Amino acid sequence: MKDRRSGPPAALAAAGLLLASTACAAAPVQTTLEQSPTTAAPAGALDTVTWMLPEEPGTLDLDGEGGTAQNTVMANTCERLMRMTPELGAVPHLAEEAGWEGDDAVVLRLNRAATFRDGTPITADDVVWSMERHAAEGASEADEYANVESIDKTGEYEVTVRMAQADAVFLPAMAGNGGIVYDRRVIEADGDAYGTPDGSDACTGPYRLAEWRSGTQVILERDEGYWNPEGAATTDRVVFRWAEQSAVVNMLATGEADGAYLDTAAAAVPLLRDETVQVFQGPSTNVWSLITTERGGLADPRLRRALSLALERDGIARAAFGGLAEPWSTPLGPGGWGYETARFRQAYDAIEGAPASPAGQDLERARALVASAGAPEEPIVVASDGEPARTVIANAVVDAARTIGLEAEIRTVPRQQYGSFYVDADLRSQVDLFADEYWISKNDPVGFYKNGASDAGVNYSGFTDPDYDELVKDAQAATDDAERAELAVELERRWSEAMVWIPVVQVPTTLAMGSHVTGAPASAAFLSGPWAAGLGAREEGER
Amino acid sequence: MIAHALRRLLGMVFTLAVSSLLIFGAMYAAPGDPVSFLVGDPENVTPERVAAVRAAYHLDEPLIVQYGLWAAGAVTGDLGTSFQYNSAVGDLILTRLPATLALVGYACVLFTVFGVALGALAAVRRGGRTDSAVTAGTTLAASIPSFVLAIALISLFGVQLGWFPVAGLGEGLLGRLHHLTLPAIALSLGSLAIVARVTRQTMAEQLDLEHVTAARASGIGEGHVVRRHVLRNALGPVVTMCGLVTASMLGGTVAIETVFGISGIGSLLVGAINTFDFPVVQAVLLYMVIAYMVVTTLIDLVHPLLDPRVRAQGSRA
């Protein structure tokens with residue numbers, strides 16, 4: 001399961017500058033946008049769309065490294081065995097049939113119509129070669145293949161993947177970077193240049209990679225020979241450029257750029273009043289959480305619950321995100337509910353202990369929990385790096401702690417060091433909590449809640465529960481959606497009961513487009529499906 | 001002469017070697033760890049994986065060994081491979097350099113032309129209202145941080161009036177000029193103020209000298225006096241100042257590039273520092289040292305051409 005925290009803190013570095021440059025936006029206001037996974041279908045075509053990325057892609061070889069910038073581009077040129085829908089479900093695509101045979105084999109039957117750029121059919125050999133490349137040691141998607149024992153061609157257009165154990169998230173993962181099918185001849189011809197500005201694109205998709213001018217732009221052109229007329233692109237060219245969020249906002253406001261998926265939701269606040277720009281929000285898995293460390297001040301789950309009960313999430317959403325984030329009770333956004341959505345919604349609504357704004361009874365319960373657990377000897381330390389959202393959250397933690405009779409203080413670390421909390425136990429031992437935006441790339445709660453297992457890499461707080469570990473294993477093996485959903489709900493309940501991490505706010509995917517453009521999904525689907533194919537003119541004759 | 005050039009060259013090489021070592025040491029002493037970026041997915045972080053990544057990038061070696069590896073490559077022209085972009089550092093810098101050079105070049109023209117003109121105007125009208133206006137204006141201009149000015153310019157001329165693009169480089173010469181006008185103004189205004197003040201000061205000193213009085217007394221027109229006797233003699237300090245300002249600009253475009261979304265050396269450096277892309281940081285900072293040395297050397301070479309007195313001293317030495 002490929003899960004990632006958000007991009008490097010550098011992506012947020014311009015936030016202060018952003019607020020200054022768009023000073024006309026005044027103080028953050030309470031804003032709520034109706035969320036939808038899609039935007040209106042276009043009425044006409046466009047010649048060129050200029051789309052902004054938060055940074056220049058480091059590489060376009062997604063086995064080298066995935067990331068927001070490179071995925072935003074390559075989702076349009078490199079299609080996968082499964083395809084992610086705007087609603088964040090996974091449906092068969094290059095594999096027109098994909099399913100389990102017994103508990104230990106996945107059989108993929110390929111779409112015989114599918115071809116690479118030069119018209120060569122996509123065969124089982126190509127799929128086997130691609131999957132082996134994804135599974136290779138050090139490849140960014142190798143962990144998707146952790147349970148895979150063998151990948152074999154079992155027909156000209158059929159591939160059988162044998163597993164050591166049933167792995168329910170394997171098929172949905174094939175809609176992600178681990179399911180890309182490559183034209184091996186192109187990659188072999190490219191050699192080391194593949195993925196660099198000198199490389200070519202080795203896939204199939206509605207767009208082809210036309211040019212990557214390092215430091216300047218990446219250009220995609222519609223693939224006229226694309227095999228799937230239903231998914232063909234409407235717009236001829238998509239030009240990707242990149243800049244800090246403040247510059248992106250200015251470019252959107254002046255019409256120099258036609259659209260962007262914004263890295264920080266707060267960046268959209270000044271655009272909300274701009275009639276030439278439309279802002280959309282849609283489902284994502286992103287949640288800002290307070291991640292607990294092994295330091296031990298909050299070792300007692302009662303203290304974690306107490307802190308959660310007293311946290312002013314609504315205020316954080318308004319002060320740090322201009323109202324474009326939502327107080328949230330679990331560490332996984334609703335975009336993670338890729339199946340049995342109604343069941344997950346119902347279970348979410350039943351979660352307690354993370355109020356949007358603590359009421360008197362919440363605070364009473366919190367104080368009672370503190371009284372029964374006893375306050376730690378040393379103050380609780382919450383990390384910040386001075387970045388606006390983290391500053392607001394850290395101050396809210398200190399405030400919440402004081403309200404319920406705990407002592408808390410903020411420890412500020414350099415922005416460049418913040419990411420080291422994930423790799424450096426010494427650094428973690430200096431704080432009890434660090435706030436970070438966390439997202440997963442697969443839309444299955446099991447993919448997140450496995451992080452509570454006692455051997456999980458990001459379970460620093462010492463939360464151990466043998467039943468939980470057992471549930472994780474069962475859930476990963478449960479290939480039946482309804483059954484897996486029940487297990488996931490139980491995991492969610494236990495995680496929340498122990499408050500392994502303290503959830504803060506959910507940040508939907510935030511899309512800004514010029515008023516003349518439409519058709520892009522407003523959900524996190526832009527990271528793995530050919531979202532740009534839907535782009536077009538909002539009204540006929542706009543081109 | 002050859003000995004002088006050789007000595008100078010050796011001095012530069014020594015400076016480069018020392019500064020590269022200092023930069024290298026400073027980067028490793030800075031808080032944070034490139035592994036947090038290199039390792040990627042936090043859920044894959046295991047002590048073994050961290051160790052493997054460290055070994056792959058030689059981060060587990062002692063500082064001096066790492067420096068040695070880098071220096072050995074650097075002397076053969078291999079500046080290493082970027083951690084973040086996975087391509088040759090030399091190529092990365094070469095693709096970013098034109099943007100920064102164009103921006104600095106444009107800014108140079110602006111602050112030289114307008115700075116010298118304003119300074120000369122103030123000197124000639126010394127004590128008058130023009131002089132006061134220039135002095136007050138340049139004092140104000142010198143005190144505005146460039147990024148604040150940049151934001152104000154974007155807000156007024158980019159977003160509200162729509163006269164200039166707010167980001168990027170543009171295509172073609174005219175497109176580039178159009179795109180770089182606001183950034184160049186933002187970058188040059190503070191320097192323009194400094195150059196204007198230096199020009200005013202040195203010209204004012206010249207105006208008081210005897211040879212100017214003598215020239216005037218001999219009936220030479222005022223315009224000619226100012227051009228031939230005052231400005232010409234004042235050029236030395238002005239050129240030196242312009243050169244120093246340019247040298248500092250070659251490494252000081254970070255804020256402007258960030259605000260205007262220009263992929264130049266400055267934004268490359270910021271990105272590299274934030275992601276601990278050591279090879280890139282090292283190379284960019286060295287580029288800055290080299291740029292500084294080249295510009296100051298050029299000033300030294302140009303100086304005697306402008307001022308015969310310096311030339312005479314040079315020949316005696």
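User: How many Å separate the centres of domain 1 and domain 2 of chain B?

Analyst: In this predicted model, the centres of domain 1 of chain B and domain 2 of chain B, taken over C-alpha atoms, are 34 Å apart. The assignment places domain 1 at 2–75 and domain 2 at 94–316 of chain B, with bounds that come from an automatic or database domain assignment.

User: Before we go on, what should I know about the numbering and the pLDDT limits?

Analyst: Residues are numbered from 1 along each chain as its sequence is written, while chains are lettered from A and ligands numbered from 1 in the order in which they are written. Because this is a predicted model, local features need pLDDT of at least 70 and side-chain atom pairs count only at pLDDT 80 or more, whereas totals for chains, interfaces and linings use all residues, and side-chain values use heavy atoms, with hydrogens and water left out.

User: OK, how many residues of the two domains of chain B are in contact?

Analyst: Domain 1 of chain B contributes 18 residues and domain 2 of chain B contributes 14 residues, where contact means heavy atoms within 4.5 Å. Between them the two domains of chain B bury about 1,500 Å², with 77% of it on carbon and sulfur atoms; buried area is the accessible area (1.4 Å probe) that two parts lose on being put together, summed over both.

User: And which residues make the salt bridge there?

Analyst: Arg8(B) and Asp300(B) form a salt bridge, their closest N and O atoms being 2.9 Å apart, and the count between domain 1 of chain B and domain 2 of chain B is one. The term stands for a side-chain nitrogen of Lys or Arg within 4 Å of a carboxyl oxygen of Asp or Glu.

User: Which helix gives the most to the domain 1 side?

Analyst: On the side of domain 1 of chain B that touches domain 2 of chain B, α1(B) gives the most, with 10 residues. By class, that side of domain 1 of chain B has 12 nonpolar, four polar and two charged residues. Here Ala, Val, Leu, Ile, Met, Phe, Trp, Tyr, Cys and Pro count as nonpolar, Asp, Glu, Lys and Arg as charged, and the others, Gly among them, as polar.

User: Switching to the two chains, how much area is buried between chain B and chain A?

Analyst: The area buried between chain B and chain A is about 3,200 Å², and carbon and sulfur atoms give 56% of that area. Pro42(B), Glu43(B) and Asn274(B) supply 19% of the area that chain B buries against chain A, more than any other three residues. The contact takes 39 residues from chain B and 42 residues from chain A.

User: How many salt bridges are found across that interface?

Analyst: The rule finds two salt bridges across the interface of chain B and chain A. Arg96(B) forms a salt bridge with Glu56(A), and their closest N and O atoms are 2.5 Å apart.

User: Last one, where is Asn147(A) found?

Analyst: Asn147(A) is in the loop between α3 (124–135) and β7 (148–155) of chain A, helices (H or I, at least four residues) and strands (E, at least two) being DSSP runs numbered from the N terminus. A polar contact of 3.0 Å joins the side chains of Asn147(A) and Asp167(A); such a contact is a pair of N or O atoms within 3.5 Å, and within protein one must be able to donate a hydrogen and the other to accept it, with residues adjacent in sequence counting only if both atoms are side-chain atoms.
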